[in-house]
Amino acid sequence: MTFPLALAIIEDQAAIRETLHEYLCAQPEFRCVVIAESVEEFLALLPAAAMPPQLILSDIGLPGLTGIEGIPYILAQLPEAQVLMLSVYADAERVFEALRAGAVGYLLKNTPLAQLKEHLLQVAAGGSPMSPGVARFVVQAFRQQPADAPVDISLDQLLPEPLTSRELEVVRGIEDGLSYKLIAERHHISLDTVRNHIRSVYRKLQVNSKGELMAHALRRRRS
């Protein structure tokens, strides 16, 4: 990973956009190259950007194209970019729609700025961060299935690699709404170890390459 990372922010609410801009663009790890209030404006500004954005932090509720609808347009122009959603919505419908569209992570807007920075760096390192409330929908969908689920769909089919006992403990901590720090304290392990387990869990869930399958699993849980 080479710093600074080229970052773009798409947010229509001026106060939030300015707060994100002021904080993130002051961090030495990032260089803000595009700041826009809509997907359409982002695409219009892109040709004049100092360098192509590597990380894109996008709201969902935008004027014109929504953040989710805009992902395919963004990735068509920037196939190597990583899109991280930032939203007030934590419902399963929007989560799996965003993942299906190509987002690599999904955070809630109440995420503290310092944690948001950490999550962006996780994305750059290959991770798929999610706020605890959002992650609950994902990990539960892959850990168990409803009693009335079709017998030809098993957890083994959903998980190419089984989670280890420690990874399951970390997953339970996420489901309980614990921060990474509290999970580390609960199991007497380091914060870096927790982060490594989280990365492994999301890799095994294949969030990016198995988005359609995740959407199916989440739909079954909601039915």
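**The annotated site and its surroundings**

Mentor: Asp-59 sits in strand E3. Keep in mind that the model is predicted.

Trainee: Which feature does UniProt place at Asp-59?
Mentor: The annotation comes from an unreviewed UniProt entry. The feature recorded there for Asp-59 is "modified residue: 4-aspartylphosphate".

Trainee: Is Asp-59 buried or exposed?
Mentor: Residues under 20% relative accessible area count as buried. Asp-59 has a value of 5%, so the residue is buried.

Trainee: Which residues does Asp-59 touch, leaving out those up to four places away in sequence?
Mentor: Some of the contacts belong to strand E4, which covers residues 82–87. Leaving out residues up to four places away in sequence, Asp-59 touches Ile-10, Glu-11, Asp-12, Gly-67, Met-85, Leu-86, Ser-87 and Lys-109.

Trainee: In what order do the strands of the sheet run?
Mentor: The sheet is open, with five strands and parallel pairing. Strand E2 (30–36) and strand E5 (105–108) are the edges, each pairing on one side only. From one strand to the next the twist averages 25°. The order is E2-E1-E3-E4-E5.

Trainee: What is the bridge partner of Leu-55 in E4?
Mentor: Strand E3 (residues 55–59) runs parallel to E4, and five bridges join the two. For Leu-55, the partner in E4 is Gln-82.

Trainee: What angle does the direction of helix H3 make with that of E4?
Mentor: Helix H3 (residues 67–77) packs on the sheet and touches strand E1 (5–10), E3 and E4. Its direction and that of E4 make an angle of about 165°.

Trainee: Which residues touch the most other members of the largest nonpolar core?
Mentor: Nonpolar side chains tend to be buried together in soluble globular proteins. Here the largest such core has 28 residues, and the elements giving two or more residues to this core are E1, E2, helix H2 (39–45), H3, E4, helix H4 (92–101) and E5. Those touching the most other members are Val-34, Phe-42, Ile-56, Ile-74, Leu-78, Met-85 and Tyr-106.

Trainee: How many residues are in the second, separate core?
Mentor: Leu-20, Leu-24, Leu-55 and Leu-84 are included in this second core. Its size is 15 residues.

Trainee: Why do the buried residues of H9 line one face of the helix?
Mentor: In helix H9 (residues 180–187), the buried residues are Tyr-180, Ile-183, Ala-184 and His-187. An α-helix has 3.6 residues a turn, so residues three or four places apart point the same way. Seen down the axis of H9, the buried residues line one face because they fall within an arc of 100°.

Trainee: How far apart in space are Arg-186 and Glu-169, C-alpha to C-alpha?
Mentor: Arg-186 also lies in H9, but is partly exposed, with a relative accessible area of 39%. Arg-186 and Glu-169 are 17 residues apart in sequence. In space the C-alpha to C-alpha distance is 9.6 Å.

Trainee: What share of the residues in the protein chain is buried?
Mentor: The secondary structure comes to eleven helices and five strands. Of the 223 residues in the chain, the buried share is 46%.

Conventions. Residues are numbered from 1 along each chain as its sequence is written. This is a predicted model: local features need pLDDT of at least 70, side-chain atom pairs count only at pLDDT 80 or more; totals for chains, interfaces and linings use all residues. Side-chain values use heavy atoms; hydrogens and water are left out. Two strands pair if DSSP finds at least two bridges between them. Helices (H or I, at least four residues) and strands (E, at least two) are DSSP runs, numbered from the N terminus. Axes are lines fitted to C-alpha atoms, for helices over the stretch in contact, and angles run from 0 to 180 degrees between N-to-C directions. Contact means heavy atoms within 4.5 Å. A nonpolar core is a set of buried Ala, Val, Leu, Ile, Met, Phe, Trp, Tyr and Cys residues joined through side-chain atoms within 4.5 Å. Buried means under 20% relative accessible area, exposed over 50%, partly exposed in between (1.4 Å probe, protein chains only). The arc is that of the directions from the helix axis to the C-beta atoms. UniProt positions are given in the numbering used here, feature names are shortened, and annotations may be inferred rather than shown by experiment.
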